[in-house]
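I opened the model today and kept short notes on what I looked up. Here is the structure, and my entries follow.

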Amino acid sequence: MENAMKVFGENVFTESNLKKRVPKSVFKEFEASQLGEARLSKESADVIANAIKDWATKRGATHYCHWFQPLTDLTAEKHDSFLEPTGDKDVIYKFSGRSLIKGESDASSFPNGGLRSTFEARGYTVWDTSSYPFIRENKNGTTLYIPTAFISFSGQALDKKVPLLRSMNAVGKQALRILKVLGNTTTNHVFNTLGIEQEYFLVRRDLFESREDLLLTGRTLFGAPAPKGQELSDHYYGRIKNKVINFMSDVDVELWKLGIPSKTRHNEVAPNQFEVAPLFSRANLASDQNQIIMETIEKTALKHELVALLHEKPFTGVNGSGKHNNWSLGTDDGKNLFSPGKDPKNNRQFLLFISSVIEAVDRYYPLLRGVTASATNDHRLGGHEAPPAIISIFLGDELTDILENIALGKNKPVGGVGSLNLGIEGVLPTLNTDSGDRNRTSPFAFTGNKFEFRMPGSSSTPATTAAAINSIVAKVLSEYADKLESSDNIDTTVIEIISNTYKNHGRIIFNGNGYGDEWAKEAEKRGLTNITSSNEALRALIAPEIVNMFEETGMVTKAEAEARYIAYAERYVTQLTIESRVLIDIANKHILPNAVKYANILADNINKTEKFGKEFVSEQEELLKFLLTNINLLRKEIKSLEAGIETVKSEKDLSKQTDLAADKLVSGLKALRNPCDEIEKITDYSTWKLPTYKALLFKL
């Protein structure tokens, strides 16, 4: 095991590395560019590029790549060599500022929702100066990775990073307006931070490769439940197996080398399910690091003859995997804007920012459902410790009571702070950091100094959800700032804002059990929607009020929003179509032959045994009848699903196509799975050659 202190950050080029290698004037220019206050000159860019090249090549790098995040929720990379010819068979290592800052790629081949057509293929990658370059070591070489944005020839966002950076700028700008009007003279910048918890499963590589559904879709499309699942909760926080701890240790070392402060690792609830979480960092850096974490988990698993499953629901009947995004706002002078303070003045600010989130989520909650919508995440939401599809905020009783007292003029005792009166000092009391328990059923829970958004799926990029949260909060903060900047009495206006927010948007606050049927009924009374299917949820991306908000905050233009809807809707249809084809293929070529073979064994045994008396074969006949019934049902459902695929394919209107996919393919997959699972339950192991849930979930 490597010493973390010795290896930490050795493969990442941080500001401290740059500061040691370039003149002070160049470094100051670089810092200003990170804050958006200046553009790097060509001369400074060349100096920085040369410093990065020298650092990377000394570590064995022969190539560099612009590393970006297209609309696939994956990463992409295009490699170029540092080598450049100088004359007669001579070459040198060269890396210019232009090569560092901008690259070119084919923009039409990635999902782009119609922003680019094949004959308009040019796209650019642009260095994100606030995210660190890093190197990756492979068996036969080392490559320098440069985190970049991905834009079209005409400057439209084709990736996940650009909207995130725009939204970070928007929320930072509006939060700073609030701080200034409240009398803050020390803060110059406000940053969005993220702490991301990543869940995943591990399975044996040989078992994975024997399951075509896992290989092609990332989840099991069939599988009878194992005799034991997660009922005993014996895996959760349990002793980590030697094979797994060795894998986790290697993951930690690789992450530490890349400057990623991997902090937490443990067994999750389901068998063979695990979690890793780093410390908080600025949102765009945290998002990049999460992509690195996922890729490192996958690559390291293969070295241990394992495969990491990042799908939201690889196994039916046990927990799915999420990606909990812990979102907050912090300042350049070290303050967390969601940390309650000991004096009323600080808590005035705290409650104002809390109110902005309450109002933002209530007004734009369909967007939060929309940016977490996918065919893969639909399987997870609503059960087994995943939050329901109904968006709500958990604040805890103490904080909720304080807001209620302010809004409704009550004098209700609150937690450990005593009675409140409506004088400014009494309304804004001392608050405890942990003022209440956690609610694991809440999709958006306040947990002391941050909000934990538990709805995103494990395979998604945090950039999407962070950008959405930033934008909706920026929109509300801008309205608050307008009121405060024109106010004659700041204290009175603050209380009015807090009070009106609770009165008008308090319906989004729910501190109870999100899994209960009572909440679904109560949410309906409150006017909150329960959209369980992505075909409907994705339409929030193009709802007029949301598109207007996007354009006001600058997160995306109307054209970019529409393009994202098209890209994600097409992905929804495509994923369900692929799953349907894969299950049909497995059912025809594996499950059906296995079932017929076992039916023949039963029939032969019945023929041989019935001469001794009918009573000796009655149970076998019943078993055979059950098997034959499911064989017939399997063939019927195959034909039905095939017809469903053709129906979906023939529909040209994308919105209608997603509805048909939800209707025909989702239901068709479930219907075909039933006879597959029933056949597996009774088929002899010697005949059933496919890895079962028992093997996949309990063998490593």
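**Entry 1**

In which helix is Thr 300 found? I looked it up and got helix H10, residues 283–303. A reminder to myself before going further: this is a predicted model, and the values in these notes are computed from it.

The relative accessibility of Thr 300 comes out at 5%, so I count Thr 300 as buried. I then listed its contacts, skipping neighbours within four places in sequence. Thr 300 is in contact with Phe 247, Asp 250 and Val 251.

I stayed in helix H10 for Gln 291, which lies there too. Is Gln 291 buried or exposed? Gln 291 is buried, because its relative accessible area is 2% and the cut-off for buried is under 20%. What does Gln 291 touch, not counting residues up to four places away in sequence? My list for Gln 291 reads Trp 67, Gln 69, Asp 73, Leu 74, Thr 75 and Thr 461.

**Entry 2: Val 357**

I moved on to helix H11, residues 344–370, where Val 357 lies. Val 357 has 0% relative accessibility, so I put it down as buried. Which residues is Val 357 in contact with, leaving aside its neighbours within four places in sequence? I noted Trp 327, Phe 338, Ile 393, Phe 444, Phe 451 and Val 473.

I took a C-alpha distance for one of these contacts. Val 357 and Val 473 sit 116 residues apart in sequence, yet their C-alpha atoms are 5.8 Å apart in space.

**Entry 3: Ser 109**

Where does Ser 109 lie? I found Ser 109 in the loop between strand E5 (102–106) and strand E6 (122–127). Ser 109 is exposed, since its relative accessibility of 60% is above the 50% cut-off.

I also took the C-alpha distance from Ser 109 to Phe 338. These two are 229 residues apart along the chain, and the separation is 42 Å. Phe 338 was already in my notes as one of the contacts of Val 357.

**Entry 4: Leu 623**

Leu 623 has its place in helix H21, residues 618–650. Leu 623 shows a relative accessible area of 28%, so I wrote it down as partly exposed. Leaving aside neighbours within four places in sequence, I see Leu 623 in contact with Tyr 598, Leu 602 and Ile 682.

**Entry 5: helix pairs**

Two numbers per pair this time: for packed helices, I describe the angle between the axes and the distance between the axes.

I started with H20 (residues 558–609) and H22 (residues 654–682). Their axes are 9 Å apart, and the packing angle is about 25 degrees. That angle is under 35 degrees, so H20 is roughly parallel to H22. The crossing of H20 past H22 is left-handed. By class, I get 22 nonpolar, 5 polar and 3 charged residues in the contact of H20 with H22.

Then I took H15 (residues 462–485) with H19 (residues 544–553). What angle do their axes cross at? I have roughly 80 degrees, with the axes coming within 9 Å. That makes H15 roughly perpendicular to H19. On the H15 side I noted Ser 471, Ile 472, Ala 474 and Lys 475, which meet Met 549, Glu 552 and Thr 553 in H19. The contact of H15 with H19 divides into 3 nonpolar, 2 polar and 2 charged residues.

The last pair was H3 (residues 24–34) with H4 (residues 42–58). Their axes come within 10 Å and cross at roughly 100 degrees. H3 and H4 are therefore roughly perpendicular to each other. Val 26, Glu 29 and Phe 30 in H3 meet Ser 44, Val 47 and Ile 48 in H4. I sorted the contact of H3 with H4 by class and got 4 nonpolar, 1 polar and 1 charged residues.

**Entry 6: cysteines**

How many disulfides does a search of the whole structure find? I got 0 disulfides. I looked up two cysteines as well. Cys 65 counts as buried, at 0% relative accessibility. Cys 676 counts as buried, at 0% relative accessibility.

How values were computed: Residues are numbered from 1 along each chain as its sequence is written. This is a predicted model: local features need pLDDT of at least 70, side-chain atom pairs count only at pLDDT 80 or more; totals for chains, interfaces and linings use all residues. Side-chain values use heavy atoms; hydrogens and water are left out. Axes are lines fitted to C-alpha atoms, for helices over the stretch in contact, and angles run from 0 to 180 degrees between N-to-C directions. Helices (H or I, at least four residues) and strands (E, at least two) are DSSP runs, numbered from the N terminus. Angles under 35 degrees count as roughly parallel, over 145 as roughly antiparallel, 65 to 115 as roughly perpendicular and the rest as oblique. A crossing is left-handed if the near helix is turned anticlockwise from the far one by less than a right angle, and right-handed if clockwise. Ala, Val, Leu, Ile, Met, Phe, Trp, Tyr, Cys and Pro count as nonpolar, Asp, Glu, Lys and Arg as charged, and the others, Gly among them, as polar. A disulfide is a pair of cysteine sulfur atoms within 2.5 Å. Buried means under 20% relative accessible area, exposed over 50%, partly exposed in between (1.4 Å probe, protein chains only). Contact means heavy atoms within 4.5 Å.
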